[in-house]
Amino acid sequence: MSEKVQKSEHEWQQQLTPEQYRVTRGKGTERPFTGDYQVSDEQGIYHCVCCGAPLFENEHKFDAGCGWPSFDRPLADASVEEHLDTSHGMRRIEVTCRRCDSHLGHVFPDGPQDTTGLRYCINSVSLDFHPGE
């Protein structure tokens with residue numbers, strides 16, 4: 001993974017839409033069933049909307065019925081970082097981009113049991129799909 005991307009809050013605000021900024025830099029969550037990236041058979045890689053780092057592969061995406069894109073694993077262990085999140089009175093594992101620390105979503109242990117058993121529940125506004133990769 002490349003060096004950490006560091007920008008001022010003003011630079012992030014200039015680069016991102018207000019919703020992308022709220023979610024990725026402010027640790028927000030988009031409303032369920034409002035984002036892009038429905039499950040499809042199209043080959044491709046999902047990149048971080050903030051820094052362009054490759055994060056998830058479409059091949060590992062599944063329909064969890066939760067309203068957000070769900071993956072059973074990141075593209076590589078070095079793609080994301082996981083942190084304990086105790087906000088909102090809950091104990092969850094937050095998923096961030098390793099390269100720029102953008103908030104992506106959370107990971108839960110209720111994914112497909114025939115693969116990893118994990119569900120990376122990711123905000124679609126934090127992703128940029130590159131078809132054909």
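Cys97 is buried, at a relative accessible area of 0%; buried means under 20% relative accessible area, exposed over 50%, and partly exposed in between, with a 1.4 Å probe and protein chains only. The model is predicted, so local features need pLDDT of at least 70 and side-chain atom pairs count only at pLDDT 80 or more, while totals for chains, interfaces and linings use all residues. Residues are numbered from 1 along each chain as its sequence is written, and side-chain values use heavy atoms, with hydrogens and water left out.

**Cysteines**

How many disulfides does the structure hold? It holds zero, a disulfide being a pair of cysteine sulfur atoms within 2.5 Å. For two cysteines, the table gives the closest cysteine sulfur, which is too far for a bond in the case of Cys97 and also in the case of Cys121.

| Cysteine | Closest cysteine sulfur | Sulfur distance |
|---|---|---|
| Cys97 | in Cys51 | 3.6 Å |
| Cys121 | in Cys66 | 3.9 Å |

Cys121 counts as buried, with 9% relative accessibility.

Helices (H or I, at least four residues) and strands (E, at least two) are DSSP runs, numbered from the N terminus. Strand E7 covers residues 103-108, and five of its six residues are buried, so the strand is largely enclosed by the rest of the structure.

Two strands pair if DSSP finds at least two bridges between them. Strand E6, residues 92-97, pairs with E7 over four bridges in the antiparallel sense.

**Loop residues with positive phi**

Most residues other than glycine have a negative phi. Lys27 has a positive value, with phi near 60 degrees. This lysine, Lys27, is placed in the loop between helix H2 (18-24) and strand E1 (44-48).

His88 likewise has a positive phi, near 60 degrees, and lies in the loop between strand E5 (80-85) and E6. Is His88 buried or exposed? His88 is exposed, as its relative accessible area is 69%.
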